[in-house]
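I opened this notebook to keep track of what I looked up in one chain, from its overall make-up down to single side chains. The structure comes before the entries.

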Amino acid sequence: MSSKIPPPVANGLTAAPKDPEKERKKAEKTQKYNEKKAKAKAANAQATQGPSKTMTKKVKQDSSKDEPLPPYIEKTPPGEKKILQSLNDPHHINYIPKVVESGWYDWWEKEGFFKPEFGLDGKVKEQGYFVIPEPPPNVTGALHMGHALPNALQDSLIRWNRMRGLTTLWLPGCDHAGISTQTVVEKMLMRREGKTRYDLGRKALVERIWAWKEEYHSNINGVLRRMGGSFDWTREAFTMNPTFSAAVTETFVTLHEEGLIYRANRLVNWCTALNTTLSNLEVDNLELNGRTMLDIPGYNKKIEFGVMTHFLYQIEGSEETIEVATTRPETMLGDTGIAVHPKDERYKHLVGKCATHPFLERRIPIVADEYADPEKGTGAVKITPAHDFNDFEVGRRNGLEFINILDDVGTLNENAGDFRGIKRFDARYKIIEALKVKGLYVKWEGNEMKVPRCQKSKDVIEPIMKPQWWLKMKDGLAPAAIKAVRDGEIKIRPESAEKNYYSWMENINDWCLSRQLWWGHQAPAYFINIEGESGDESDGELWVTGRTEEAAKEKAKAKFPDKEFTLTRDPDVFDTWFSAGLWPFATLGWPNKTHDLETLYPTSVLETGWDILFFWVARMIMFGIKMTGQVPFREVYCHSLVRDSDGRKMSKSLGNVIDPLDVMEGITLSSLHEKLETGNLDPTEVERARKTQKSAFPDGIPECGADALRFSLVNYTTGGGDINFDIKVMQGYRKFCNKIYQATKYVLGKLDSSFIPQKLPIKTGRESLAELWILHKLNTAAADIHTAFAQREFSQATSITYQYWYNHLCDVYIENSKAIIQNGTTSEQESAKQTLYTALEGGLTMIHPFMPFLSEELWQRLPRRPEDETPSIVIAAYPQYNAELDDRDSEEAYELIMSVAKGIRSLAAEYFIKDSAIAHIQLFTPSALSTCKSEIASIKSLSGKAMLGDAAISILSATDSKPAGCVVQSVSASAAVYLLVKGRIDIDAEIKKGKEKLAAAQEGLEKKRKMVGGEGWEKMREDAQEAERRKLANAEQEVQVLEGSVEQFERLRLE
């Protein structure tokens, strides 16, 4: 079975591959048929003087159907079990997502179905436990499809394991998202009040952010509930609540005491717009092919990048000069060295000498260092140790001076001489002009380069020296984390993500923990101000850490027992990922030894996007092993990223970010536009976003419901590349929901009040072939879904479910059962109903992890089996494989019946025979003959409208002569279908068509003959060889049947 469901088309069915030639001929026939109908209609219109009373009445009836329903009002009090309305109620006649999905969630939550179940001894259930800590969404705003995808996947896993009887916990929570949240609130503050954070002060700004958090936190949880997420909300966590903050403090203090966290003045990524340090992972490198003008925050005009500027330094005491080049001319004010390669003959005589700075009273040593590449540029490299990461290392190796020329907002400081007070990129142009005045400017040229930009502000990052807190990685936490994955304690899926993990971890640098923000966990670190002394904040010996300020004071006393001092707390907060790295165990109560921590840790799966594998996952592994002595989870599953239908990354400024609520509940285009106005987008971005929305959703977004949304997202997940989101796919699966709804309504209509299901879903011994077949299909689907879930083949799991519901239960078994329930004996009717019940019950529990609302709504309407007091499908048993229901023989026999019926339908459609068809079925094996003889009623039931009226089916053995006046279709090596067409078709045209089919079949036969026994045959597996032999037999039979058909038409022409 394919692991991917074919895309739904307009009617909710699945598209199949089409033969172009066959489609062309079919279109020609359809056109001729429509032309005949049009002529007949025209003739009838001429003979009719006006619409009949019946027609007028019908039009009125039809128009009444188009009248909109009044708004649906849920009658169930919140938290109470839903009051089920009659399926004949106007709101329940057809599937309406908002009607089906209302009223359930509050009851599920109130009843505690989402809480983990423990035994009387307080331990997890015998089947084990399954725990997922939800990757906490940021409290920065509304959720989008990038959040909906992992939530759909995680809830499917949680619900599946809960129904398997495991102790399950899906632990919810939110992240304070330091930079993101503070940035959003600061932007809002500026737009609405024209104020900065400094106008408010730290305390007032933090209060504003807490208020923002409360509002958006509530909105986020509302969406998660609306999607049906089975979270245990009683355990909800937040990274800034007191218990979590205690975990952060404990981690920092412990690691500092062990020497793994240290204080150092080193280069950091500085964002002048946000006034904070950033990690490498929070910096985007924009690749430029040459000269490019970019918009930079704080500048009214575009700034030039992608240009290499060449200029000269004068050698001290000489007329000689040395040419250097840079893409950042302003940094020359911080130059303290010039590097040349030790073997570069051009500059050997200059090594040890100095150049003079043209604008500052500074001597610039010329040093020999292998960092300089003789083949690149002039071979001489200007060195700015305090503003470039490579230059920093050169400076340390050669003892160069480290001079910072920038303040925190990107303005040149006192070390820049006459350029002091000028903004860095304005200074760029002024320096070039000043070099020209002094005759030191050489040229500029286009240059490929990467421009580091802040992900949040889009400012250009400046490397600046800052005293910060650092955590040792390569010589600290990383080795144990690498070993845990390599030894198999943690499995990372897919394999490509695991390879990326090793690549990053094995080349990891120490982690800068400090952030110059106000929203976040303030470092529990204190600077010791010794009376009468001036201390250096980069000196780690003058710092102490403590779980409380009193504890820190005791440490300071022990360090300096004879000194008077005061303590000043570090104003910086931690990188958000520092606290997020504690998520799997801090949410369970660590550092306290709680019941949850002792019974539910390590957690089972961490499901997240591959894009935060390093941001978050690697850090959780490092912290988990270090702080708890155990891995934080056993498995990491990295899902794909959600992009728009054109493959673009979703962005608010592009207008292609999709709110899950809008998909679930529907929204007009004008309302989509209105939502843009309430955000923080600039007016230019709003206009661009409006255009995108108009192009992507010209009619708005139709109501699809939570179940269709969830099913679609899970089906998208193949473990491969990124996902291109398409609202039409959601609409297709909404129609699939309706298929399930209508099928269940039909079954419920056949189960009267006297019907009592069997105690167990097992065979009675009275089942028909069709019943044995559907029970086998249910059984097989259950086994295959368990395998798919276990292997994290999410798309495969939805495909199996879809195939069972659509192709097996709805299109085949329910159709077959109609004739039995209507015309069968009492015993046959009862057996068919019992099987219908079992097949439907199994189908609803099977689809529940993907579609929780629809499955609950319909399952609650089913009568319960005797002694079954299960209150909700949420905690019902998932279908399990039962060897007694496995019946390969019945499967093969019934699929022969279906193939025969399909052959009859196909021939009837091809030759426009609408009813009273005369069909013959010729069987070539004893088992096939026996099967079809006993299943005439089923064949007739499945053969469509052509079998209405005076239709008839006869069974022929292999020795019977071929029926005259018929067209034929080969079903398999064991069966062929004949349809009487004499007197109803153009014989000559059919002979031509038959010969074309025969030629194609003969060509296919030759290919199969070359395959069987041909080159590479002996290397094929035995099962593959057997499959090819069957194909050959079927091809031989098809040729034989078509040859007979052509002969029959030839005889027909002579009759």
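**Entry 1: ground rules**

I am working from a predicted model, in which local features need pLDDT of at least 70 and side-chain atom pairs count only at pLDDT 80 or more, while totals for chains, interfaces and linings use all residues. Residues are numbered from 1 along each chain as its sequence is written, and side-chain values use heavy atoms, with hydrogens and water left out.

**Entry 2: the whole chain**

I looked up the secondary structure and found 32 helices and 33 strands in the chain; helices (H or I, at least four residues) and strands (E, at least two) are DSSP runs, numbered from the N terminus. The C-alpha atoms fill a box of roughly 120 × 70 × 70 Å, taken along the principal axes. Of the 1055 residues, 52% count as buried, where buried means under 20% relative accessible area, exposed over 50% and partly exposed in between, with a 1.4 Å probe and protein chains only. I also checked the contacts (heavy atoms within 4.5 Å): of those with a separation of 6 or more, 77% are between residues 24 or more positions apart.

**Entry 3**

Strand E22 (residues 525-530) pairs with E23 in the antiparallel sense over three bridges, and Ala-525 stands opposite Thr-545 in E23.

**Entry 4: salt bridges**

How many salt bridges does the structure hold? I find 68, with a salt bridge defined as a side-chain nitrogen of Lys or Arg within 4 Å of a carboxyl oxygen of Asp or Glu.

I looked at Glu-101 and Arg-226, whose side chains meet in a salt bridge at 2.8 Å, N to O. Glu-101 lies in helix H3 (residues 97-101) and Arg-226 in helix H8 (residues 202-226), so the pair ties together parts that are 125 residues apart in sequence. Glu-101 counts as buried at 6% relative accessibility, and Arg-226 is buried with 16%.

I then turned to Arg-547 and Glu-257, which form a salt bridge with their closest N and O atoms 3.6 Å apart. Arg-547 sits in the loop between strand E23 (543-545) and helix H14 (549-559) and Glu-257 in helix H9 (residues 242-257), so this pair ties together parts that are 290 residues apart in sequence. Arg-547 counts as partly exposed at 41% relative accessibility, and Glu-257 is partly exposed with 44%.

The side chains of Arg-428 and Glu-330 meet in a salt bridge at 2.9 Å, N to O. Arg-428 is in helix H11 (residues 424-437) and Glu-330 in the loop between strand E11 (321-326) and strand E12 (337-340), 98 residues apart, so I recorded the pair as a link between distant parts of the chain. Arg-428 is buried with a relative accessible area of 4%, and Glu-330 is buried with 3%. I also noted a network of salt bridges that links Arg-328, Asp-388, Arg-424, Asp-459 and Glu-462.

**Entry 5: Arg-362**

Which side chain of opposite charge is nearest to Arg-362? It is Glu-401, 5.6 Å away, and Arg-362 is buried yet has no salt bridge; in this charge count Lys and Arg are positive and Asp and Glu negative, with His and the chain ends not counted. Arg-362 is found in the loop between strand E13 (354-356) and strand E14 (363-368).

A polar atom of the Arg-362 side chain lies 2.9 Å from the backbone oxygen of Asp-335. Leaving aside neighbours within four places in sequence, I find Arg-362 in contact with residues including Met-332, Leu-333, Gly-334, Asp-335, Ile-403 and Asn-415.

Note on methods. Polar contact = N/O pair within 3.5 Å; in protein donor to acceptor, adjacent residues only side chain to side chain. Pairing = 2+ DSSP bridges.
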